[in-house]
Each structure stands twice: as C-alpha cells, then as structure tokens.
Amino acid sequence: MLAGEQTRAQNFLVKLFAIVPLVALLAAVPFAWGWGLGWTDVGLAVGFYFLTGLGVTIGFHRYFTHGAFKANRGLRIALAIAGSMAMQGPVIGWVADHRRHHAYADRDGDPHSPWRFGTTPAALVKGFWHAHMGWLFQREQTNARRFAPDLLADRDIIRINRWFPALTVVTLLAPALLGGLITLSWWGAVTAFFWAGLVRVALLHHVTWSVNSLCHMIGDRPFAARDKSANFWPLAIASMGESWHNSHHADPTGARHGVRRGQLDMSARLIWVFEKLGWVTDVRWPRADRLARKLNPGYEASPRR
Ligand SMILES: [Zn+2]
Ligand SMILES: [Zn+2]
C-alpha cells in the first residue's frame, strides 16, 4: 500500500506550503478595511480561485481519479495543469491518495479519516485535525503503482507531474504579474501576490481539506454509504459542488455530486458545458433508478432531472 517515506525536504515543503498561506490569511484580515486591497486583487483572487479549484474538482477528482467522463487531449492537459496550480500536490500523488481514500473510506488504510482515533470527543478533535491537514505531515506515501497505474502510463501526465514545482511558482507569480500590469504599479503586483496568490491558495486549501474533514463528520446522509461521508451544504459554492460528499461516496464515478433537487454543483455545470462543446464524451450523469436504490430510509427520491 505504501511506497517508502517522504524525504525530510519533501516533508518540510509540505509543511511550509500548508502553513505559510494560512498565516498569510490571518495576517490579511486587518488589511481588508483600508489600504492594500482593490478590485483588481479581488477579481484576480476570484479568478484564480475558480480556475485552480475547478482544475482540482473537475480534473484531479472527477476526471483523473474517478473517470466520470472522457476528455480530449487538450482538455486533459489543461485540467492537469489547472489542478496542479492549486498547490495540493502533483496530480499522480493526489489521485493515488484519493483512490486510497475511497478504497478504505473511514477504515484502516484511509489516508485522512477523522474517525481514525475513535469516537470520543478528544479522539474526534484529534481526528478532525488529522483529516483536515495533519495527514499531509505524515511521511507515508501512497503507492502510485498500485493506485494510479493509468496515470503512470501517460506521458503527458508524467510530464505535468514533473512540472509541479514550476507550476507552483507560476500560480503564485502570475497574479502578481497581472496585478502589476493592470495597475501599472509595483504596489499592484505586491497586493495581487498577497490576495490572489497566498490568500487564494490558503482559502482553497481549507475548503478542499474541509471536504476530507467536515464532510466525513457533519451533515446530511441521504444515501447509504459504507463510510461516514455527509452532504454539508454551507460549502456547496466554495467547494464547487464537492461538499455533496455523501452523494459522491454513494456513486463515486458520477459526474454530478449535487444529485438532489436544488443542490448547486458548479463543477457539474461546467462538465455539461464541455459536453455541449464536444470536448468531453461518455459523461456519467446520475441515473435516477441507481440513486433511488441507495436512498436511506426516510429520504424521498428527489432527482434533478
Ligand atoms: Zn470522502
Ligand atoms: Zn472521490
């Protein structure tokens, strides 16, 4: 299951990139009222948040991990690059970890279950921290040969996987460059680096990690799943549809996670647009009959279409 340990340097880098953006976020709060933040920064932050976030949700997660649709080569490459720019690790490792999560969800072998230490309050506090970000600091690595052999056999993906350090630089410096050019000032570059670089990365990190932690602890469970996955509506927009996590665990290969009426799922909407454009095919849209069979008692069937 495992393939050796992270090196000391790798372990240090994971910590650095997980903690530095968080500290930046906290330091940012006083900035919000006054100087050093403008519409350019907000626009760039929102733009990079959704570009990289959708790279993870549509690309790393629904496409590369679960094969919810088939994509043409151009889109496949674009999704791998956009997802890599979220700074959540290179694509192959991300996919291998997440497939292991589904294979062992909330049991021994799950890389990030909040239930790992038991169900007492103290164990759950520890478990929350572990599922949210503590697991990133452990030095065990998922065996990609076992969990992601398809990606290891793809030259494009191997190359993009290798570009991860460079893409980390790009995702932090591109907003600064754009901010500088738009405002024609060095100060504009600095504020864009701060808000659309560091703060944006930190926010997306915590939203993604919340799917691993909160969405295995609290929320609604309309579908029978072997694990404790839950639908947590407050994160529907920020997570681009990924917080409908109970529905996802009930039907992991589905292209839409917000399968019930009124459940916003931005990622599914964009996959639908890609399908209309002819860039993706064989999309696994939810099937009402399959979902109905998995409903927990007390829940009514509520298909979207
Ligand atoms: Zn899960
Ligand atoms: Zn998944």
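# A predicted helical chain, read from G89

G89 counts as partly exposed because 19 other C-beta atoms lie within 10 Å of its own. By the rule applied here, a residue is buried if 20 or more other C-beta atoms lie within 10 Å of its own, exposed if 12 or fewer, and partly exposed in between, with C-beta atoms placed from the backbone. The position of G89 is in the loop between α3 and α4. Although G89 and P165 are 76 residues apart along the chain, their C-alpha atoms are separated by 9.2 Å.

The model is predicted, and local features need pLDDT of at least 70, side-chain atom pairs count only at pLDDT 80 or more, and totals for chains, interfaces and linings use all residues. Residues are numbered from 1 along each chain as its sequence is written, while chains are lettered from A and ligands numbered from 1 in the order in which they are written.

The overall architecture of the chain comes next. The protein chain contains 13 helices and four strands; these are DSSP runs, numbered from the N terminus, with helices being H or I of at least four residues and strands being E of at least two. A compact globule of 305 residues would have a radius of gyration near 19 Å, and the 19 Å of the protein chain therefore agrees with that expectation. That radius is taken over C-alpha atoms, and the globule rule is 2.2 Å times the number of residues to the power 0.38. Along the principal axes, the C-alpha atoms occupy a box of roughly 60 × 45 × 45 Å. Of the 305 residues, 45% are buried. Among contacts with a separation of 6 or more, 66% join residues 24 or more positions apart; two residues are in contact if their C-beta atoms, placed from the backbone, lie within 7 Å.

The expected span is 1.5 Å times one less than the number of residues in the helix. Its buried residues are R76, L79, A80, A82, G83 and S84, and their cover includes α2, β2 (70-71), α4, α8 and α9. Helix α4, with 13 residues, reaches 18 Å, close to the 18 Å expected. Buried in α4 are V91, I92, W94, V95, A96, D97, H98, R100 and H101. The elements covering these buried residues include α2, α3, β3 (140-142), α6 (144-147), α7 (149-152) and α8.

Neighbours within four places in sequence aside, V95 is in contact with F60, F64, T65, A148 and L151.

Helix α10 itself is mostly covered, with 21 of its 27 residues buried. Its 27 residues should span 39 Å at 1.5 Å a residue, so the 38 Å between its end C-alpha atoms agrees. A kink of about 30 degrees is centred on R200, the bend at a residue being the angle between axes fitted to the seven residues ending there and the seven starting there.

M240, in the loop between α10 and α11 (245-250), is not a glycine, yet has a positive phi of about 60 degrees. M240 is buried, with 27 other C-beta atoms within 10 Å. D282, also not a glycine, has a positive phi of about 50 degrees and belongs to the loop between β4 (280-281) and α13 (288-294). With 11 C-beta neighbours inside 10 Å, D282 counts as exposed.

The record annotations can now be placed on this picture. An unreviewed UniProt entry lists residues 44-258 as "domain: Fatty acid desaturase"; across these residues the chain is 60% helix and 2% strand, with end C-alpha atoms 27 Å apart. As "transmembrane region", the unreviewed UniProt entry lists residues 12-36, 42-63 and 75-95. UniProt positions are given in the numbering used here, feature names are shortened, and annotations may be inferred rather than shown by experiment. Residues 42-63 are 100% helix and 0% strand, with end C-alpha atoms 29 Å apart. Residues 75-95 are 71% helix and 0% strand, and their end C-alpha atoms lie 17 Å apart.
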